[in-house]
Amino acid sequence: MGLVLVIYENDEDIDEVAVGSYSDFGALRDYIVRELEHGRPGSRFPTFIRHSDCDGEWTVDECDDLRSELWLIAAEMQARPAIPFPSQWQAQVSHDRGLRPDSAYQCFVDPNAQPVIGEIARLVDLALKKGLPISFQ
């Protein structure tokens, strides 16, 4: 089962990010906790780390905080060396597109081989622009 982050407007899906499986999202958050929060979950990025991935949503107010967190996460991951892809499908989709990551940021990708942190940040920007929450599906 996969995790998709979705913005709905009038019950219509206006944009989404396919994160991958729940374990892929977990691997991303585990990396952030281990490497960027020094093993203290939510100490620096509470909105991103502490929200359950099982249901619910990031509210518009949370998206405002989330945007700041994601920019910092992205910057710090871009400054760190590449790591092995957390799942085989991420390695395969990146290989198929001829991508060779040069930072940790590029090692966590969506099914289109786009850095998932960047795609979530893009979704957050749209949520804030539209004044709509992001749902976990």
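A cavity here is a set of points, on a 1 Å grid over the protein atoms alone, where a 1.4 Å probe fits but cannot get out, and its lining residues have an atom within 4 Å of a point. The model is a predicted one: local features need pLDDT of at least 70, side-chain atom pairs count only at pLDDT 80 or more, and totals for chains, interfaces and linings use all residues. Residues are numbered from 1 along each chain as its sequence is written, and side-chain values use heavy atoms, with hydrogens and water left out.

The lining of the largest cavity consists of Val 19, Asp 24, Phe 25, Leu 28, Gln 90, Phe 108, Val 109 and Val 116. Its residues sort as follows (nonpolar: Ala, Val, Leu, Ile, Met, Phe, Trp, Tyr, Cys and Pro; charged: Asp, Glu, Lys and Arg; polar: the others, Gly among them).

| Class | Lining residues |
|---|---|
| nonpolar | six residues |
| polar | one residue |

Now for the fold. Five helices and four strands make up the secondary structure, where helices (H or I, at least four residues) and strands (E, at least two) are DSSP runs numbered from the N terminus. Their order from the N terminus is β-β-α-α-β-α-α-α-β. Along its principal axes, the C-alpha trace spans about 40 × 35 × 25 Å. Of the 137 residues, 43% count as buried, meaning under 20% relative accessible area with a 1.4 Å probe and protein chains only.

Technical notes
1 Å grid on protein atoms, 1.4 Å probe; cavity = no way out; pocket = protein on both sides within 12 Å on 5 of 7 lines; lining within 4 Å. Buried < 20%, exposed > 50% of the residue type's maximum accessible area, 1.4 Å probe, protein only.
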